[in-house]
Amino acid sequence: MFRFETGQGRRYVLRGRDHERAVITGLLDAARVGHSGALVLLGEAGMGKTSLLDLAVTPATGLHVARVAGVEAERELPFAALHQLCGPLLGHLARLPEPQRDALRTTFGMRSDPAPEPFLVGLAVLTLLAEAAAERPLICVIDDAQWLDHASARTLAFVARRLGAESVVMLFAARRPADRADDGVLAGLPELHLSGLADADARALLDAVVRWPLDADVREAVLAEARGNPLALRELPHDRSPVKLAGGFGLPHGRIEESYLRRIDGLPADARLLLLLAAADPVGDPGLLRRAAALLGVGAEAGDPLHAEGLVRIGARVVFRHSLVRSAVYGAASTADRRRVHQALAEATSPAADPDRRAWHRAHGTAGTDEQVAQELEASAGRAQARGGLAAAAAFLVRAAELTADPTRRADRELAAARATYRAGSPDAAAALLAGAEAIDPGPLRGAWISLLRAEMAFTSAAAPAMLLEAARRLETIDVTQARRAYLEAFAAAVFMGRFAGTTGLSEVAAAARTAPPSPAPTPADLLLDALAVLYTEGFAAGTAPVRQALAELRRHPADQETVHFFYVVAHAAHTVWDDDAWQELTSRHLRAARTTGALSGITFILYQRLALHLHQGEIRQAAALVDEVDAVGAALGDPQPAIAALAVAAWRGDESEVNRLLPAVTGTLTSLSQGAVLTAMHLFVAVLANGSGRYAQGRAAAELATAYPKEMGFANWALVELVEAAARCGDRDAAEQALERLTGRTRASASDWGLGVQARSRALVTEGTEAEDLHREAIERLARSGAAFDLARAHLLYGEWLRRSGRTSEARTALRRAHDMFVSSGAEAFAERAGRELAATGAPAGARVAAAPTELTAQERQIARRARDGQSNAEIGAELFLSGRTVEWHLRKVFTKLGISNRRELRTALTS
């Protein structure tokens, strides 16, 4: 395969790439009929990725093309590549929903607002591409993706994973996985690997390049050296005369760059300097290049030899023959020459129009230290962070620290760089910077911030609670507000790790938090901190009311990014004190806020809480619909989740084979990650499955595991309910009464119908006579007033079982029929079968089996259909599910077809079942 240029323009000849061309052509053809797709071309430098991309878009009649190429020197500038790709499409910006429109305007520096969440930016780009493609199909070509800036790479990868029916094709080209520097953000996208040309194609290409007789031994040496690399076959013989090649002299000795460098060495000095200027500036702005060249005394005629050699074209943009030319030129230049051209580029760059690029060039043009340049880089870091470019902010701050002479100020900048680097996803680099910040006596302030950052970096380790406590104590005399936030973070870490928290568990965190200084202006978060400190030191009798008051105060305040950040503790507190009203409202509100703002960093846990609420409310099918969303968010974050959500749904359904399939891997992962609270939830799920199926010995064993660490509270409290039932059904009254006593200690103070209802239902299992009946009836009345529909169905089941054993067959049939219908409606197959068996024992038929949800709808289609039924627009549905409006519309058309309806109004009736 090779590409060459003539006076009439480019002409392409591809050899050995028929399969690759067919794959790309298939994507483009699909786009023309309304489908979308993405593809990553992978191969070492020179394999022809760019030529394939060129060929894909050159004949693309009727398709709109947006193109960008990553540049190594520009990897530290936030959203640089994204701006270049989307710039020509911004005419469609007005058609985006307002939050997305504002996010893009802030990201591209068109307005000054707080930094939008990265995934709101991703959703905005997805919608922008979809709007552009509404006029005609759109191809986005992203070459040299291994050199994209971090923010652009993550955004484009997110968009590529969410494509559906937008008529958009995204084609990436990157180096082989082992060599590329994209941090794996493209992993999981469809890939096409380009290897060396087959021998026949390589020989044909060499014959096309070397058009004179070639000695057979020399030919074989060239072919062996090139190893089928098309660029090597095309470029390596370029500067060899026929005589030298024929005689075997000057054979290539390794890298393709050497071929380019030999050609560059023969250029005039001014031409070489102009080429280095172009290599040092990734923008490709010919005006900037001319201004910088003039500052160095280089005239326009210096470009003539570059054109003659075909190394670079200077027209509307500065375009290198190949990215290897740029890297070869820049890599071979001396340090002094690099500084010289960066200084010229900085002077030629407008400080008003592009202060960040100017600061970056100044930084690379400076030897030694320079406080003024360091301050400019700090300002650039602030602007980058405001646009959501954490990786860029980190790079600016690292260089600012390097340019700082004053040791104390340097340490402060290293600390800031460490914080930005960690939040950008590079913990090892952050740790090295933090070590530099600690090298000088940090003093109280910097020491406290270092301590807090170290604790944040260790959040998933058993040492995190102790480290967060230390940071909180050090901050008390410096910043009370931050100190109290650190205490709340320590609570979150201790709750999350549960049994794995070591010597600094919830009791220790709570005791320390009680000594925290009061907030000068208490917020709901402050109230929650104080309430949790009481709950975990004095118990439920003293702590339940303060926790419920704090939750009530949170309900009176709108959800924002801060409360989304610590929602883990909020949700845990709500169901620990059996407050399902607060749990329901706060989870729904925070999920809505996280989706609207794109705050995916906190959305995964909120989705888990929403799923648990659906199970609590007897909405198993709705919970199942969230499993795909949990997986999609994990994929978008590059943080694949263990199958916790799928396991929970399978347990509530009663799908024993699915639980047994998933459980070993999930529990192994949770144990290795020290996630004690989630491991407790897994044991609870197994107990629910076993009790639903009537295997009470297995249910008891699982419930005992789930209640073995009572300080975890939360799901450990729920498991006490399972333990009472399982022990009672196993005939171990003493064990059941002991579990009931523990449960009562957690529910008595709740004053909630949910908590008191499950207490009454559990007590009825170890009570005789009319008192037992009174307790069964109380449980049903209380649970009917709560949101605990699943517990209510189980209360009817237990009452029906008690009535049948008491010989009251007719009344038992009524209660059991009610339980059976509720389980069938919710999709709880095991409990429905248990109720059916009890009904059969009364002489009554069980009736209908568990009805499937509209099985012809996928989980995603059900989510979209319900939202459309509830009046949400396509744009609103897309914003919540991270889809484009056009993809939502496409799914709705499929829903209408499957349900046999023609419009949204009919969804309410069609989805009733």
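Okay, let's start with helix α16, where the buried residues are Val341, His342, Ala344, Leu345, Ala346 and Ala348. Buried here means under 20% relative accessible area, with exposed over 50% and partly exposed in between, using a 1.4 Å probe and protein chains only. Helices are DSSP runs of H or I with at least four residues, strands are E runs of at least two, and both are numbered from the N terminus.

Quick background: this is a predicted model, so local features need pLDDT of at least 70 and side-chain atom pairs count only at pLDDT 80 or more, while totals for chains, interfaces and linings use all residues. Residues are numbered from 1 along each chain as its sequence is written, and side-chain values use heavy atoms, leaving out hydrogens and water.

Back to α16, residues 335-348: its 14 residues reach 20 Å from first C-alpha to last, close to the 20 Å expected at 1.5 Å a residue. That expected span is 1.5 Å times one less than the number of residues.

Next, the sheet. Five strands form an open one, ordered β4-β5-β6-β3-β7, with parallel pairing. Because β4 (64-69) and β7 (191-193) stand at the edges with a single partner strand each, one side of each has no neighbour in the sheet. Strands pair if DSSP finds at least two bridges between them. Between β5 (residues 138-143) and β6 (residues 168-174) there are 5 bridges, and Ile142 has Phe172 in β6 as its bridge partner.

Last stop: Arg621, in helix α32 (residues 620-637). What does its side chain reach at 2.7 Å? The backbone oxygen of Ser825.

Terms used
A polar contact is a pair of N or O atoms within 3.5 Å; within protein, one must be able to donate a hydrogen and the other to accept it, and residues adjacent in sequence count only if both atoms are side-chain atoms.
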